[in-house]
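Thanks for making time this morning; I would like to take you through one structure, moving from a pair of helices to the sheet and then to a single residue. Please have the display open while I talk.

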Amino acid sequence: MKIAFLGGGNMASALIGGLIARGTDARSISVVEMSPAAREKLGARYPVHLSTAPDAAMQGSDVVVLAVKPQDMKTALASISGNLRGKLVVSIAAGITLKALSRWLGGHRKIVRCMPNTPALIGAGIAGLYALPEVEKSEREKAETILRAVGEVVWMPEERLLDPVTAVSASGPAYVFWFIEQLAASAVKLGIAKDDALKLAKQTVLGAAQLACASPDSPETLRKNVTSKGGTTEAALKVFDEAKLAEHFARAVAAASKRGEEMGRELGGD
Ligand SMILES: NC(=O)c1ccc[n+]([C@@H]2O[C@H](COP(=O)([O-])OP(=O)(O)OC[C@H]3O[C@@H](n4cnc5c(N)ncnc54)[C@H](OP(=O)(O)O)[C@@H]3O)[C@@H](O)[C@H]2O)c1
């Protein structure tokens, strides 16, 4: 599979690094990147083909990965529209709908839209994927191979579900960072030194997440296992319940999903 990237920034670098680490030949990857700094950085790390504008390497690719910022997408697609001839297009741009992508690509329909997240930068990401009906099974597998290079994938049965995916897994790392901040700040308030507090908070989140992933038990069971009657955890969770934290949390995630939907309309307009 010959892969061309349109945009060679952070996310494209992560995908390229992951693909090469999993055995993809760097010579089968080409990147169109306008920024000289980003080109130099990428070229220093990987022996991929680099260009400043779509060229023969992109023409000869099987898959084109759209990895420019959402606000640059319409202009970037104008440079490749009409030259895709049945190629699979995989977009990782936040918020840009398939309707807008297809329109900007002159009616092209072989498009997979993906919503990755920042842990992809260290190979621990998760992405939600949705494909237009014209995308064949073998092409879905190609898209999956590319995204799996930096983590897990989950296919959505409807495109609209990419807004909740955005609210859960793309914004999700920020909720977890916030939780780490709060846990560490609470530790400091109780007298623990700042560095120790941060170490305790980070490792607790990492360990709990690893346990939740490795254990056959549900997170609910794991939580109940730590919550002894009349104990310390129960005292903390009682405060969460009294403050209706679960309801506030659900509202926060719903607000993110709604904003994702609005941004899709704003970004996809002509
Ligand atoms: N970073 C994440 O964790 C993350 C998570 C989920 C989704 N995404 C999506 O991934 C995409 C890429 O994000 P990123 O963080 O990798 O952005 P980035 O680091 O800014 O990379 C995009 C690169 O594309 C270049 N570019 C702009 N217009 C171009 C064009 N017409 N042709 C070729 N190259 C062009 C930019 O150059 P200039 O800087 O000179 O403009 C920049 O170097 C975005 O659409 C974003 O929504 C990212």
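This is a predicted model: local features need pLDDT of at least 70, side-chain atom pairs count only at pLDDT 80 or more; totals for chains, interfaces and linings use all residues.

**The H8–H9 pair**

Let me start with the contacts between two helices, where Val176, Phe179, Ile180, Leu183, Ala184, Ala187 and Val188 in H8 meet Lys194, Ala197, Leu198, Ala201, Lys202, Thr204 and Val205 in H9; contact here means heavy atoms within 4.5 Å, and helices (H or I, at least four residues) and strands (E, at least two) are DSSP runs, numbered from the N terminus. Residues are numbered from 1 along each chain as its sequence is written, and side-chain values use heavy atoms, with hydrogens and water left out.

How do the two helices pack? Helix H8 (residues 172–189) and helix H9 (residues 194–214) pack at an angle of about 140 degrees, with their axes 8 Å apart, where axes are lines fitted to C-alpha atoms, for helices over the stretch in contact, and angles run from 0 to 180 degrees between N-to-C directions. That makes H8 oblique to H9, because angles under 35 degrees count as roughly parallel, over 145 as roughly antiparallel, 65 to 115 as roughly perpendicular and the rest as oblique.

**The sheet**

Turning to the strands, we find an open sheet of 8 strands in the order S3-S2-S1-S4-S5-S6-S7-S8, with mixed pairing; two strands pair if DSSP finds at least two bridges between them. At the edges, pairing on one side only, are strand S3 (49–51) and strand S8 (151–155), and neighbouring strands of this sheet are turned by 20 degrees against each other on average, direction ignored.

Helix H1 (residues 10–21) packs on this sheet, where it touches strand S1 (3–6), strand S2 (29–32) and strand S4 (63–66), and its direction makes about 165 degrees with that of S1. Helix H6 (residues 137–148) also packs on the sheet, with S1, S4, S5, S6, S7 and S8 as the strands it touches, and its direction makes about 145 degrees with that of S8.

Strand S1 deserves a moment of its own. It runs parallel to S2, joined by 4 bridges, with isoleucine 3 standing opposite isoleucine 29, and it also runs parallel to S4, again through 4 bridges, with leucine 6 opposite leucine 66. Both faces of S1 are covered, since Ile3 and Phe5 on one side and Ala4 and Leu6 on the other are all buried, where buried means under 20% relative accessible area, exposed over 50% and partly exposed in between (1.4 Å probe, protein chains only).

**One residue, then the whole chain**

Is serine 102 buried or exposed? It lies in helix H5 (residues 98–104) and, at 8% relative accessibility, counts as buried; leaving aside residues up to four places away in sequence, serine 102 touches Gly107, His108, Arg109 and Ile111.

For the chain as a whole, there are 12 helices and 8 strands, and 39% of its 270 residues count as buried. Its C-alpha atoms fill a box of roughly 70 × 35 × 35 Å, taken along the principal axes.
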